[in-house]
Amino acid sequence: MVYVAVMGYGTIGSGVAEILDQNRAQIAAGAGEEVALKYVLDLREFPDSPVADKVIHDFNILLEDPEVTVVVETMGGLNPAYPFAKACLEAGKHVVTSNKALVAAHGTELLKIARERGVNFFFEASVGGGIPIIRPLYRCLKGEQIQEITGILNGTTNYILTKMDKEGASFEGALKEAQDLGYAERNPEADVEGYDTCRKIAILTAMATGKEVNYEHIYTEGITRITDVDFRYAEKMGTSVKLFGSSRMSGDQVHAWVAPVMIGRSHPLYAVSDVFNGILVKGNMLGTSMFYGSGAGKLPTASAVVADVIEAVQNAGQNVPLGWTGQKLEIADMETSAHRYFVRVAGKAADRMAAVERVFGEVETIELDGMDEFAVLTEKLSEADFKEKAVCLDADCQAGILQMIRAEL
């Protein structure tokens with residue numbers, strides 16, 4: 001019998017407890033022995049829940065109990081998740097987490113401690129929720145040289161953009177609906193400003209390169225500037241706008257960024273809509289593969305956590321090589337990355353196109369009926385070149401650029 005403790009009985013923690021109970025026979029078959037929940041650590045009481053008799057409030061009870069060999073951290077945030085997870089690893093207990101903030105900020109240290117103690121620090125659910133992506137990277141794709149990881153990694157932002165795309169909703173209206181349905185927090189900043197996606201692409205980049213990634217070095221742009229007008233242009237062009245977290249490796253240079261991107265129907269991530277997530281991985285031998293599914297939610301995320309629990313039990317006496325070292329990865333300056341650009345310009349095309357073409361050269365022009373503006377799609381340029389040309393256009397046109405969205409068309 002293996003005993004597990006769950007720290008944090010919120011959405012994910014309660015899901016883990018539910019799966020450990022309902023799927024106990026299948027879990028035992030996979031793990032090779034029975035797995036039972038012994039403690040639930042939380043500040044609250046849950047008198048009417050199935051775990052009422054397992055709730056504790058003192059972390060030291062589970063830390064000092066030799067029967068507890070696997071600890072699940074689903075508290076979220078860094079305090080007390082970080083000191084608790086660290087203490088458990090140092091005590092020789094496996095730690096499984098769904099906490100992206102913890103992995104992005106302290107993953108290097110926690111992985112190192114796990115290796116030194118001969119235990120494991122697993123975090124499958126921290127990136128894709130219920131979508132398997134961490135394990136495929138260190139098992140199935142171990143022989144690949146990863147060239148790109150690009151994903152729709154946040155269900156809240158994808159839901160908002162889908163509502164704007166399919167129903168013509170405004171950003172504010174789509175956000176309110178997402179909040180009413182429980183998809184977005186009352187304070188949605190982490191989602192809509194791209195911070196959640198940033199931490200996830202940092203983890204995936206570290207997995208792909210084997211080096212530590214500082215998420216604060218990743219250029220991050222959210223979706224708050226995207227408007228219903230942008231989607232009117234997209235509809236005319238047969239495109240859509242998605243929030244991407246992307247990491248692209250070429251030789252020793254790695255570009256990693258988070259930003260809205262305009263894509264066409266042929267793009268593998270075009271059809272990923274609503275609260276679903278999709279992750280594209282490109283290897284030098286395999287080519288492109290796609291991982292798609294529920295990127296969040298109680299039971300999908302808890303399912304990924306339980307899979308990590310099973311792997312921890314299977315490797316009770318050894319550390320599974322995964323993750324990254326303390327060697328720091330240098331992220332290339334965003335100014336050196338290259339894209340095409342969808343640009344909305346104030347004024348009539350007939351009056352401004354000469355100036356636009358003097359700056360950008362040959363461009364594709366898109367106009368909407370009844371609008372005192374137009375849009376162009378540039379050829380591929382570096383970010384630095386685009387910014388320089390944008391300044392020139394403002395001066396030449398005497399009219400500002402209304403919007404810029406990077407494009408992969």
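Two strands are said to pair if DSSP finds at least two bridges between them. In this predicted model, S4 and S5 meet that condition, pairing in the parallel sense over 4 bridges. Within this pair, Val72 stands opposite Val96 of S5.

The two strands belong to an open sheet of 6 strands, with parallel pairing and the order S3-S2-S1-S4-S5-S6. Strand S3 (55–56) and S6 stand at its edges; each has a single partner strand, so one side of each is left without a neighbour in the sheet.

Helix H13 (residues 298–314) lies across strand S1 (2–7), strand S2 (35–41), S4, S5 and S6. Relative to S4, H13 runs at about 155°.

Helix H5 also meets the sheet. Its buried residues pack against strand S4 (68–73), strand S5 (94–97) and strand S6 (121–122), and also against the helices H4 (81–90), H6 (125–128) and H11 (195–209). Those buried residues are Ala101, Leu102, Val103, Ala104, Gly107, Thr108, Leu110, Leu111, Ile113 and Ala114. An α-helix has 3.6 residues a turn, so residues three or four places apart point the same way. The buried set of H5 includes Ala104, Gly107, Leu111 and Ala114.

H5 spans residues 100–117 and bends by about 80° at His106. Just after H5 comes Gly118, which takes a positive phi of about 70°.

Key: Residues are numbered from 1 along each chain as its sequence is written. This is a predicted model: local features need pLDDT of at least 70, side-chain atom pairs count only at pLDDT 80 or more; totals for chains, interfaces and linings use all residues. Side-chain values use heavy atoms; hydrogens and water are left out. The bend at a residue is the angle between axes fitted to the seven residues ending there and the seven starting there. Buried means under 20% relative accessible area, exposed over 50%, partly exposed in between (1.4 Å probe, protein chains only). Contact means heavy atoms within 4.5 Å. Axes are lines fitted to C-alpha atoms, for helices over the stretch in contact, and angles run from 0 to 180 degrees between N-to-C directions.
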